[in-house]
Amino acid sequence: MLVRHLSYFVTLARERHFARAAEASNVTQSTLSAALRKLEDDLQVALVVRNQRFVGLTVEGEHLLAWARQILIDYDSLREDLSGLRTGLKGTLRLGVIPAAMGAVGFLTTRFREAHPDACVEIRSLSSREIQKGLDGFEIEAGLTYLENEPLDRVRRVPLYHERYILAMRADHPLAAEAQVSWEQACGQRLVLLSEDMQNRRILDTLAAAFGLELRPTVVSNSFLGVCAHLREGGFVSIVPQTFRHLFGGTADLAMRDFAEPTPHQAVGLVLSERDPLPPMASALLRTTLGAPFAATVEAAERRPIP
């Protein structure tokens, strides 16, 4: 059994079409079909349901798919690890980040890049559920998400900082004149928030309910970029993580105010697969993160002057 045969099989399972799978694998369709038949002969099971076109995988094929993905990841990790011993870590770290943590991700990736200047980073904005799926499917090496609220399964957790909440608005909004605001005041405004498929929104709904209130946003978005666009127009306000101060605290036409009532903090941190050994990119990220003063860095960034 050759690694490339497993690669063809995984590609076919993804494309669900023989011609497209052959094109994606840069081989002819006959070469791909011959490789799949060899794989079936080696394992002595049928892997693909065939007629004139691809129909699907057999039960045995579905089982092989999970193994094949892991074998291919391990093979690539082995090559990266051996190459890294000679020339230093290269390649791309794929990192899934919840929208609420985008304000802090630069602290994490900057430290990683300082230690591994030849490596690249690909950041994907994902919900916590999508991060779980990405880790399980070997589509990302790590995630930045909530650790205790709706915790993920089958992951290593590295706490980094605690998220708390502030109210963001235009500098000419009436609440900008207040030193602090209440949750009751916030809930009475024209709100723009993340959509309910985002864990940050579900956390805010729970916090508001604890004060006997309900959040009724006029506009929702699955991106904080959409939230920011509305803060500048139409008198909207938003409840956002404190890391917004780091990103937008120097923006003259935006104001951010603390809540008067204390609210629980949410632990945010790094999540990685439980597998041992970790893939080289994940292992390198873990090494650069452990022992780093991440929480202090986030707190220092928040203390920068704001309007």
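Visitor: What is the strand order in the open sheet of 4 strands?
Guide: The order is E8-E12-E7-E11, and the pairing is mixed. Strands (E) are DSSP runs of at least two residues, helices (H or I) are runs of at least four, and both are numbered from the N terminus. Before we go on, this is a predicted model, in which local features need pLDDT of at least 70, side-chain atom pairs count only at pLDDT 80 or more, and totals for chains, interfaces and linings use all residues. Residues are numbered from 1 along each chain as its sequence is written, and side-chain values use heavy atoms, with hydrogens and water left out.

Visitor: What makes E8 and E11 edge strands?
Guide: Strand E8 (180-181) and strand E11 (237-241) each pair on one side only.

Visitor: How do you know that E7 and E12 pair?
Guide: Two strands pair if DSSP finds at least two bridges between them. Strand E7 (residues 165-170) and strand E12 (residues 254-259) are joined by 5 bridges, so they count as paired. They run antiparallel, and Arg170 stands opposite Leu254 in E12.

Visitor: Which helix lies across E7, E11 and E12?
Guide: That is helix H9 (residues 224-231), running at about 140 degrees to E11. Axes are lines fitted to C-alpha atoms, for helices over the stretch in contact, and angles run from 0 to 180 degrees between N-to-C directions. Contact means heavy atoms within 4.5 Å.

Visitor: What is the order in the open sheet of 5 strands?
Guide: There the order is E4-E3-E5-E13-E6, again with mixed pairing. Its edge strands are E4 (119-125) and E6 (155-163). Strand E5 (residues 142-146) and strand E13 (residues 266-273) run antiparallel, joined by 5 bridges; Leu144 has Leu270 in E13 as its bridge partner.

Visitor: Which helix lies across E5, E6 and E13 at about 15 degrees to E5?
Guide: Helix H8 (residues 199-210) does. H8 also lies across E7 and E11, running at about 100 degrees to E7.

Visitor: Which residues of H1 meet H3?
Guide: His5, Leu6, Tyr8, Phe9 and Leu12 in H1 meet residues of H3 including Leu32 and Lys38.
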